[in-house]
Amino acid sequence: METKINESIISESVREDMKENRIDHMTYLAGMEVLESDIAGQVIAAMEGYDYNCYTTADVQRAIYHDNRTPDDLGALLSPAALPFLEEMAQMAQKETRKHFGNSVMMFTPLYIANYCDNYCIYCGFNCHNKIRRAKLDLEGIEREMKEISKSGLQEILILTGESPKMSDVKYIGEACKIARKYFRVIGLEVYPANSEDYHYWHKCGADYVTVFQETYNSDKYETLHLAGRKRIFPYRINAQERALRGGMRGVGFGALLGLDDFRRDAFATGTHAYLLQKKYPHAEIAFSCPRLRPIINNDQINPMDVQEAQLLQVVCAYRLLLPFASITISTRECQRVRDNLIQIAATKISAGVDVGIGGHSGEELGDEQFEIDDTRNVQEVYDDILSHGMQPVMSDYIYV
């Protein structure tokens, strides 16, 4: 599968200028913290050595019923040989989920506070060459949005921005965290990768966890998809979770954007990355997201079809079996039916009342969305549907004293 771009959205002169001035995607830029860590190297080496066609039926069955699974078990569970065993995988994943989470399903909503972005990622609606309405909420606007969201009863919020340190600087994000602490018990961040000291500051301001999508762990493919901006620097992004943990964050989230490259290899690298960091930082709370590509504004070719629902289920179950205690989020990129099914098997976290534009919760939407969502249910509808499936919706499982 090749991810394509609608070339009409940028001019020929811009494309030529970008080619001439393109930075090396493996070289750190000034100000980027370089970690003395071998985690990223281990992950890439494992992915490069991963041949999913070598696994047999016996390998898959052993992996399903192992007590303490390893990345090699993950490789078997993600292989084509595992597809005939999806029912067994789902049953075992459900058993592990119930053991560690009971019937609980955490609820949250994302809040996009700015959509300015300095990066040119060809699959993203926020990319700097896409002609969309840009907006950034001031602090009063952020508080207005958060106050409105809190009326729904939600107690966890995920703060998002486009990746522009200039337009959404470290202090701005920190102030958003301080405001969020007035209304919510759990605060997550999905913003540009930062240095350890920045994560430390955000944690002091109230942030609990950080999610960073690597998008794809294939550095060669990564280079062709990320044409400009700080996000182009592959090693800086892959080490973001470890910097966040060193900065004091309680938890970190991992995710590949399934469909950008070979999804089996990306899912294998994602799971291995989380597994190795958990071994190194046993106190860390580990989370997975499992997003598939969605259409974006001005580019109707961004909608690959190679990751079907069976493959998505396979990935979710494989993550659950590798790390039974990890949180797994299913976003509104997926339809209601898929999300409702997955929370009964292995997913433990679901968003509700989602608006991926800027300012939509409290009134007029000031900026365009990052991608199209599929599940448009409000908070009460998601809450009621969770109950109807015999599950228990949970707004927060943290109490601060």
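**Starting inside**

T97 has a relative accessibility of 2%, so it counts as buried (buried is under 20% relative accessible area, exposed is over 50%, and partly exposed lies in between, with a 1.4 Å probe and protein chains only). You'll find T97 in helix α5, residues 86-101; helices (H or I, at least four residues) and strands (E, at least two) are DSSP runs, numbered from the N terminus. What does T97 touch, leaving aside its neighbours within four places in sequence? It is in contact with G102, R320, I345, A346 and T348, where contact means heavy atoms within 4.5 Å.

Before going further, a word on provenance: this is a predicted model, where local features need pLDDT of at least 70 and side-chain atom pairs count only at pLDDT 80 or more, while totals for chains, interfaces and linings use all residues. Residues are numbered from 1 along each chain as its sequence is written, and side-chain values use heavy atoms, with hydrogens and water left out.

Now zoom out. The chain has 15 helices and eleven strands, and buried residues account for 58% of its 401 residues. Take the contacts between residues at least 6 apart in sequence: 76% of them join residues at least 24 apart. The accessible surface is about 15,900 Å², with 49% of that belonging to carbon and sulfur atoms; areas come from the Shrake-Rupley method with a 1.4 Å probe, and for residues only the protein chains shown count as cover.

Y172, I173, G174, A176, C177, I179 and A180 are buried in α7. What do the buried residues of α7 pack against? Their partners are β1 (104-114), α6 (139-150), β3 (156-161), β4 (186-190) and α8 (196-205).

Over to the other end of the chain: D397 sits in the segment after β11 (392-394). D397 is exposed, at 52% relative accessible area. In sequence D397 and S104 are 293 residues apart, yet C-alpha to C-alpha they are 9.8 Å apart in space.

Finally, the cysteines. A search of the whole structure finds zero disulfides, a disulfide being a pair of cysteine sulfur atoms within 2.5 Å. C54 is partly exposed at 46% relative accessible area, whereas C335, at 19%, counts as buried.
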